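Please look over the sequence and the structure below before reading on.

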Amino acid sequence: MNRRMMVSISIGAMLSAVLAGCGASSTQSSGSQSTGNTVSGSNKPVTVTFWYGIGGQLSQQIQQMVQQFNRTHPGIHVVATYQGSYSGGGAEQQKLLAALKAGDPPDIAQIEVHSMPLFSSAGKLADITSLMNQSASDKPTDFLQGMLASTQFQGHYYGLPFNRSVPVFYYNKALFASAGISSPPATWTQLTQDARQLTHGSGTSKVYGFEPLVDWWPWEYEVMSSGGTILSSDGQSATFGQPNALGILEAESKLVQSGDAMVESGPNYWDLMISDFAHGKVAMDIDSIGSAGEIASEINHKFQWGTAILPTYQGHKLAVPPGGGDIAIMSGIPKQQQQAAWTFMEWWTSPAQDATWSMETGYLPTHTATVNLGSYQSFLKSNPQYQVALSELKYQVSAPASPNYLTVVQDVQQGLQAIFDEGKPVTSTMQQVAGQVDHDLQSMGD
Amino acid sequence: MIAPYLVFVAVFVIGPLVYVAVLSTYRWNLLSPRPVEVGFRNYVYLWNSSVFRESVSNSLLLAIGMFVFSLPLGFFFAVLLNMKLRGTVIYRSILFSSYVIPLTASGLVFTLLLNTHDGLLNRVLEQFGLQPIDWLGSSHDALWSVLMVSVWQYVGYYMLIFLAGLQNVPESLLDACRVDGGSRWRTLWHVTLPCISPNVFFAIVVCLIQSFQTFDQVYVMTGGGPDNATSTLTYYLFNKGFQMVDIGPAAAASVVLLVILALLSFLQMSLGRRWVVDEF
């Protein structure tokens, strides 16, 4: 069974990478083991091993850029290896846990933003605060506002933003026009009204005004922008079941109940939502800016669409959860290796590479200097949907920096399914999940 | 000669088994340098956890479902195939082919077939004027969908086990029964079944163990959802250990699984002695 399980896990991860909008994948270099540093005196390059977890075209983009780095930096040789999905609990993360436990980790790794506290609190990531402060291009002030929200733990920096995204609001301009609505909603009151106005038809040809994504990532926005918090400030108890955390969830649930919003369920819910939007079945949804490329190619100019800043709720301040991954150096690797790894990371985040990476992949640029580049500005002109994501950055609020956060989101995911897939009431369900989380956190300690 | 095997078992079976038992008395996220020793508190945690209880009952329901549906169905097909009709080779291959397909692959295909809005199955239902069913998204139906796929997946395997038995039933016994005026049903019940009882026994043991190990279908089709409606014991311990990185309760859950399977096997072995005819 164990073998089957592992096979299925890796196949599952591979398939999910394919489903996430990618083609064939990835060059794998075998034996990516860190071989230590060079023998002193010889001029062999320092080998830096780099694990990442995005497949398909994204993987090819990484490999290309790594090759470019290796060509231009003869003293360093970066070996980048695709290890399966980097998502929380994905294959790359499982392998990283195992490698750290076995004492043979890679030198650098991509880490999902919500998993950063798990690794940094256990002392597994190198503190790069002083490296950043001394850096010519990676000083904390060089980054776009909000971009470092997920890379800090207890006042120190443990990573640089790598493939980052934020959720944004998507709307179908054609459906808006035929319903006589001129602009995307800025508030949930407006969104609710618009959703009712946009819903029409019946049976298989019914068009729904809105589709909530049954996922814990947009849920972070829903809690924090309703005026609530996810965990108490000490990270020991759940606060997301309190009334001030449930406003947006409640509004979404009402739309579903009144038939003005639809939901997708099952494991492919995310891809199905993208497909619903691209086929004009729903007029509005909330999705990652990272999906913009896939959405554009699925719609293929059949209708006009756009993005907008996430709507606010009853005058509360907008809070946008960061998504995607950061890149971190493992602690305890030899000094020479660490230096080489840092050189690579500085190179990767410098404006030229930062711009290439974000224009090729749809992930967000990380540096202010990148956004000011002429090439990036003209990219924004032809792809205005990314402008929205950039203007959301300053509202980024990171999820609680708790090493046990992965437990929280798994529990929440089940609660969201109870609300949207089964139509259970919002308040009692979320209170129940909060109780479950309390129970889990207390017995976990830290 | 047996040494390499023993080494293998010690390193990959006994070792991990002991380690899991030890881990189940700790609270640990795999990374922190100081795991907290908690004694049997992880077991208490499981006892009080509604999610765990739901996972156990889901596993039980799946096992009962597989026992009730896939074994008789497999036997039915085996009897049909044993009638030496034309084309049995083709039917045999078709029936067995589902077992050869990796569960992850068939799970994905079924996920598409069972999709609420665009899935083939609901389209067919609509043609007959029936309401579409939320196969994977409703807590009512999702476990049935998982069971359905499991039955589809394994029925060919059980069929083959039964068929192997049926083909070994001595023709002379069947003839004797027929000559004595036994009906088809009597022949089946009093001659055929006792003759293939070792196969039936094997099929039951394998069926129950396999059901308790249900993982792939759940991982691919539902991710344990909605709201834990399809979480099985194996999925629970995977989710707890590797998605929540909460290794203590996960290890405790594996120990519980081990105990359940050991008990089941023991029960079957001791009950099996009463009705399994080894020689005929």
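Chain A is split into domain 1, covering 2-165 + 322-395, and domain 2, covering 167-319 + 404-444. This is a predicted model, with an ipTM of 0.81 and a pTM of 0.84.

Taken over C-alpha atoms, the centres of domain 1 and domain 2 of chain A are separated by 29 Å. Where these two domains of chain A touch, 21 residues of domain 1 are in contact with 21 residues of domain 2. On the domain 1 side, the elements of chain A that give two or more residues are helix H4 (116-121), strand S11 (323-329) and helix H16 (385-392). H16(A) gives the most to that side, with six residues. By class, the domain 1 side has nine nonpolar, 11 polar and one charged residues.

Strand S7 (residues 167-172) of chain A pairs with S10(A) in the antiparallel sense, over four bridges. One of the residues to look for is Tyr171(A), whose bridge partner in S10(A) is Gly306(A). In a regular strand, side chains alternate between the two faces of the sheet. Strand S10 of chain A, residues 305-308, has Trp305(A) and Thr307(A) on its covered face. Gly306(A) and Ala308(A) are on the uncovered face of S10(A).

Chain B averages a pLDDT of 89, and 98% of its residues score at least 70. How many residues of chain B are in contact with chain A? There are 37 residues of chain B in contact with 33 residues of chain A. The side of chain B that touches chain A takes two or more residues from each of helix H2 (41-48), helix H5 (103-113), helix H11 (216-221) and helix H12 (233-243) of chain B. By class, that side of chain B divides into 15 nonpolar, 16 polar and six charged residues.

Why is H12(B) described as largely enclosed by the rest of the structure? The reason is that 11 of the 11 residues of H12(B) are buried. A residue is called buried here if 20 or more other C-beta atoms lie within 10 Å of its own. The buried residues of H12(B) include Leu233(B), Tyr235(B), Tyr236(B) and Phe238(B), and also Asn239(B), Lys240(B) and Gln243(B). Just after H12(B), Val245(B) takes a positive phi of about 50°.

How values were computed: Residues are numbered from 1 along each chain as its sequence is written. Chains are lettered from A and ligands numbered from 1 in the order in which they are written. This is a predicted model: local features need pLDDT of at least 70, side-chain atom pairs count only at pLDDT 80 or more; totals for chains, interfaces and linings use all residues. Two residues are in contact if their C-beta atoms, placed from the backbone, lie within 7 Å. Ala, Val, Leu, Ile, Met, Phe, Trp, Tyr, Cys and Pro count as nonpolar, Asp, Glu, Lys and Arg as charged, and the others, Gly among them, as polar. Domain bounds come from an automatic or database domain assignment. pLDDT is the predictor's confidence in each residue, from 0 to 100. A residue is buried if 20 or more other C-beta atoms lie within 10 Å of its own, exposed if 12 or fewer, and partly exposed in between; C-beta atoms are placed from the backbone. Two strands pair if DSSP finds at least two bridges between them.
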